[in-house]
Amino acid sequence: MTKVFLSIIFLLFLSACKSKPIADLILYHGKIYSMVSESDTFEAIAVKNGKILEVGNVVSLKKYEGKTTRMIDLQNHIVLPGFTDSHIHPISGGLALMECDLTGLTSQQAILDSIKSFAALHPTTSWIRGESMWLSAFKNGNPLKSVLDSIIPDRPAFISSTDGHNAWVNSKALSMAGISRETPDPLYGRIERDPKTNEPTGTLRETAQDLITQLLPKYTAEEKIIALEKALALANQYGLTSLVEASASPEYIETYQALEGQNKLTVHINLSIYGDINKGISSVAEVIHTRDKYQKNTGDIRYNQVKLFMDGVVEGKTAAMLRPYEHDDKDGIANTSADTAIAVITALDKAGMQIHVHAIGDRAIRMTLDAFEQARKVNGIRDSRHHIAHLHVVHPDDYPRFKALDVIANIQALWATLEDSYMTELNFPFLGKERIEWQYPIGSLQKAGATLVFGSDWNVSTQNPFYCMQVAVTRRGPDTVSREAWTPQHLIDRYSVIKGYTVNGAYLTFRDKETGTIERGKWADLIVLNQNVFTCDTFSIFKTKVLKTFFEGRLVYDGE
């Protein structure tokens, strides 16, 4: 009888052991913000097979510790869900790092010195290509070919501006493209000219850049893969575990698939397939064909999103405005008519696509909202999660329409600051007093009920989300100088910004059941920070560093 009893006890013990899985990883002695609610915190988290096994206190999670469990003492650091960058250009940004990278250079001389040095170091390169030129370093945002000729007279040069909507070229490049005083402006673009001679000055806006880019040597498949790897390593360093590729061509899609095939993706990827709205309704069939050709039902890449460019940018006076720019008779460039925008967006919505729109000016934003509204009337209401990126100048009458139409506001918060000469020298003079107050209305959109997500638009701006967070909650900086906010009516609290990077980012990408919060059963997309972004000094948020980034339970960045 005793032997039978002991056998039963032993079997029950074995059963109990089997019912308590051994964790692959346990993080403990920290402050873990689940982001389920503002006050929902824990001190430990257990992970198995890439997913969250349980959250709780150290004692309650001790039962999951085994000989193979990796134990990490958080030493009171905070843990957040991994961030989503909701608008980024990883491959083109990575390629820019391989060219003459002008990031951070804000004076004309520094830019010239860098280009000259790059050309000297690459004497056999057929084209000199530069990226991230600070446009406001040049008078009226109009750099001249004669200046570029003075340092590169014998080879064609193409220097792209930080915003990507303007380019600076030399005489050799203009000659190779056949651009002269007789060349007409292309549709939806502009060749800047000398007012006396009509000669091209060397600055090309919007589609005028295509006259040159079609001549540029193509990047190899290997170069694009290297570029993507560089971009993802940087993303993980900044705590990013999910990215929305903001403009994916077929060759870019193949680059992502190649890296996925090598099991080297360290983020979740949502691709916005480029749709050329300039082509009108014919662009819809092209987008659907690309989606159907590449999409798969498994893996970390999703393909059901399309990117449309509705207008340009304020600094080039190509953003589409409801009334003309100050001291000008032009109201910018819309890339299509209102009727065509409605037709294209309605057709894409009917095809089940999630629509991602670049819209900078108040007219472009209104055209987009009008098109979304009409699509709902024609196709019915569905869980579309359409979004508009940038939202530079938004007419106040349109704030409540984001909630009414379930359109997500995709914000690039870093640009909402006075510490930006693009703003003070190339935006303020062109907009006038009233519209200056309408720029990047982050808090106002939130108060009107809009769902907010955040992105960097890298390589237009740094990937670093903590720079963006600080600007969003101060409307200044990012730096340590404490001062009053610019346009304080648009301020937002820091919890809402972090929610935009986590909870709302996951919602935007249709991954809210998989990630975005720290809950049992979700992917262990986790970041450990060196300071508490909820409680640190407001003007020190930008100093935050990521100590560790976990993607699906794997350590993909270790800053320690």
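Reader: In which sense do strand E17 and strand E18 pair, and over how many bridges?

Author: In this predicted model, strand E17 (residues 387–390) and strand E18 (residues 408–411) pair in the parallel sense, and three bridges join them. One of the residues to look for is Ile-388, whose bridge partner in E18 is Ala-409.

Reader: Of which sheet are these strands a part, and in what order do its strands stand?

Author: In a regular strand the side chains alternate between the two faces of the sheet. Here eight strands form an open sheet with parallel pairing, in the order E6-E13-E14-E15-E16-E17-E18-E19. At the edges stand strand E6 (83–88) and strand E19 (452–454), each of which pairs on one side only. Direction ignored, neighbouring strands of this sheet are turned by 25° against each other on average.

Reader: Which residues does Tyr-274 touch?

Author: Tyr-274 is found in strand E14. Leaving aside residues up to four places away in sequence, Tyr-274 touches Ser-247, Ala-248, Val-287, Lys-307 and Phe-309. The C-alpha atoms of Tyr-274 and His-356 are separated by 9.6 Å, although the two residues are 82 residues apart along the chain. Because its relative accessibility is 38%, Tyr-274 counts as partly exposed.

Reader: How many salt bridges does a search of the whole structure find?

Author: Side chains of opposite charge can pair when their charged atoms come close. A search of the whole structure finds 31 salt bridges. One of them joins Lys-264 and Glu-229, with 3.4 Å between the closest N and O atoms. This pair links distant parts of the chain, 35 residues apart: Lys-264 lies in the loop between helix H9 (250–261) and strand E14 (268–274), and Glu-229 lies in helix H8 (residues 221–237).

Reader: Is Lys-264 buried or partly exposed, and is Glu-229 buried or partly exposed?

Author: Lys-264 counts as partly exposed because its relative accessibility is 40%. Glu-229 is also partly exposed, with a relative accessible area of 30%.

Reader: How far apart are N and O in the salt bridge of Arg-401 and Asp-370?

Author: The side chains of Arg-401 and Asp-370 meet at 2.8 Å, N to O. The accessibility of each partner may then be read in turn. Arg-401 counts as buried because its relative accessibility is 17%, which is to be read against the cut-off of under 20%. Asp-370 is partly exposed, with a relative accessible area of 33%.

Reader: Which residues are linked with Arg-401 and Asp-370 in a network of salt bridges?

Author: The network of salt bridges links Arg-366, Asp-370, Glu-373, Asp-398 and Arg-401. A further salt bridge to locate is that of Asp-479 with Arg-483, whose closest N and O atoms are 2.9 Å apart. Arg-483 is partly exposed, with a relative accessible area of 22%.

Reader: How many of the eleven residues of helix H14 are buried?

Author: Burial is read residue by residue along the helix. Helix H14 (residues 421–431) is mostly covered, with eight of its eleven residues buried. These are Ser-421, Tyr-422, Met-423, Leu-426, Asn-427, Phe-428, Phe-430 and Leu-431. The buried residues of H14 pack against strand E8 (128–133), strand E9 (157–161) and helix H15 (433–436).

Reader: What is found at the start of H14, and what just after H14?

Author: At the start of H14, a side-chain oxygen of Asp-420 comes to within 2.9 Å of the backbone nitrogen of Tyr-422. Just after H14, Gly-432 has a positive phi of about 90°.

Reader: With which strands does E21 pair, on the side of E20 and on the side of E22?

Author: Strand E20 (residues 526–529) and E21 pair in the antiparallel sense over four bridges, and Leu-529 has Val-546 of E21 as its bridge partner. E21 and strand E22 (residues 554–558) also run antiparallel and are joined by four bridges; Thr-549 has Tyr-557 of E22 as its bridge partner. The hairpin of E21 and E22 has two residues between the strands, and Glu-552 takes a positive phi near 50° there. Strand E21 (residues 546–551) is mostly covered, six of its six residues being buried.

Reader: How many helices and strands are there in the protein?

Author: The protein has 19 helices and 22 strands. Its radius of gyration is 25 Å, close to the 24 Å that the globule rule gives for 560 residues, so the protein is as compact as a globular protein of that length. Of the 560 residues, 56% count as buried.

Technical notes
Residues numbered from 1 in each chain as written. Predicted model: local features only at pLDDT ≥ 70, side-chain atom pairs only at ≥ 80, totals over all residues. Heavy atoms only, no water. Buried < 20%, exposed > 50% of the residue type's maximum accessible area, 1.4 Å probe, protein only. Contact = heavy atoms within 4.5 Å. Polar contact = N/O pair within 3.5 Å; in protein donor to acceptor, adjacent residues only side chain to side chain. Salt bridge = Lys/Arg side-chain N within 4 Å of Asp/Glu carboxyl O. Pairing = 2+ DSSP bridges. Axes fitted to C-alpha atoms, helices over the stretch in contact; angles between N-to-C directions. Rg over C-alpha atoms; globule rule 2.2 N^0.38 Å.
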